[in-house]
Amino acid sequence: MNGVRLQKTPSKASRWGRTLGEWPAALFFLLPTVAVLGTFNFYPALSSLYLSLFEWNGLSPTREFVGLANYARLLASGEFWNSLRVTLLYAGGVTLLALALGLGVAVLLNQPIRGQAVYRVLYFLPVITPTVASGVVWKYLFDPTQGVVNRGLAGVGLQGPAWLSDPSWALAAVVVVGVWKRVGFNMVVYLAALQGIPKTYYEAAQLDGAGPWQQFRHITLPLLAPTTFFLVVTALIDAFQVFDLVYVMTSGGPLGSTDVLGYYLYRQAFRYSELGFASAVAYVMFALIFAVTVIQFRLTRGGQGDG
């Protein structure tokens, strides 16, 4: 009509046919990823679930089927409940302290100060430092007689405890190292989120007479809610799986005061050779992490808060 061509809308059948025609190419390109995930993720996870229904020492050619007996034994174990309590204390301490410190450092480094890049690198260095190396160094720092920590306390007239050999202080020492390892990561993520907040929000708030604290409370914190949700979830997952730090610094002691679930699982599998029971521990850990994540998601509406 008058030289204008009307483009015919493809029918639903033709669109469906085109989609089917793209499937072979999509499967071809996805095959390497699916193969890697299936080999190194899905198959071991399903094998571990299957193994949790058996009693096996890892060497015997036969496995004894015990059903849910490993899970019943686990729930009746005092060591398990102690490990769960220790893990929750560690996870809560590291998550809350690292979030607060990471946000504080990010807010400070978001200001126009000299040497920003240097400070960011220094705060991020603990994140990329191997955990085993960090644990060894901090073990010497917490030494009750020659350690830098107690020497510093003695310099201000305080007597430091025997950190890693005192059941009252060992977990606190491990939490300090966990926070030290986590703050830099939180700082980088928070810093990226802060730089994404439009400055016009703060300018409008200033015009309305809002001070720095009011701007932080009513603008910064609400807009950082999705970032905080992400950091809390990843921090809890990481904390529930902590092992190497405890292995190097305390080996679960003294008196089980740092016996986190990861170390409890290791002990059952590789010291006592109870691989079926250890697999049950691993799946209980998975269920706990999944439950905590779902609860957080529902309470914060996926990180959106009340807004």
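Helices here are DSSP runs of H or I with at least four residues, numbered from the N terminus. With that in hand, welcome to a short tour of this model.

The structure is predicted, so local features need pLDDT of at least 70 and side-chain atom pairs count only at pLDDT 80 or more, while totals for chains, interfaces and linings use all residues. Residues are numbered from 1 along each chain as its sequence is written, and side-chain values use heavy atoms, with hydrogens and water left out.

**Backbone points in the loops**

Most residues other than glycine have a negative phi, and most peptide bonds are trans. Leu 255 sits in the loop between α11 and α12, whereas Ser 273 belongs to the loop between α12 and α13 (275-300). For accessibility, buried means under 20% relative accessible area, exposed over 50%, and partly exposed in between (1.4 Å probe, protein chains only).

A cis peptide bond links Gly 253 to Pro 254, with omega about -5°.

Helix α3 covers residues 78-109, which is 32 residues, and spans 46 Å from its first C-alpha to its last. That is close to the expected 46 Å, where the expected span is 1.5 Å times one less than the number of residues.

**Inside the model**

In soluble globular proteins, nonpolar side chains tend to be buried together. A nonpolar core is a set of buried Ala, Val, Leu, Ile, Met, Phe, Trp, Tyr and Cys residues joined through side-chain atoms within 4.5 Å. The largest one has 54 residues, and Tyr 90 and Phe 142 touch the most other members. Elements that each supply at least two residues of this core include α2 (69-75), α3, α7 and α10 (225-240).

Contact means heavy atoms within 4.5 Å. Leaving aside residues up to four places away in sequence, Tyr 90 touches Leu 171, Val 174, Val 175, Gly 178, Ala 239, Val 242 and Leu 245.

Asn 186 lies in helix α7 (residues 170-195). Is Asn 186 buried or exposed? Asn 186 is buried, with a relative accessible area of 1%. Its contacts, again not counting residues up to four places away in sequence, are Ala 98, Leu 99, Gly 102 and Leu 231.
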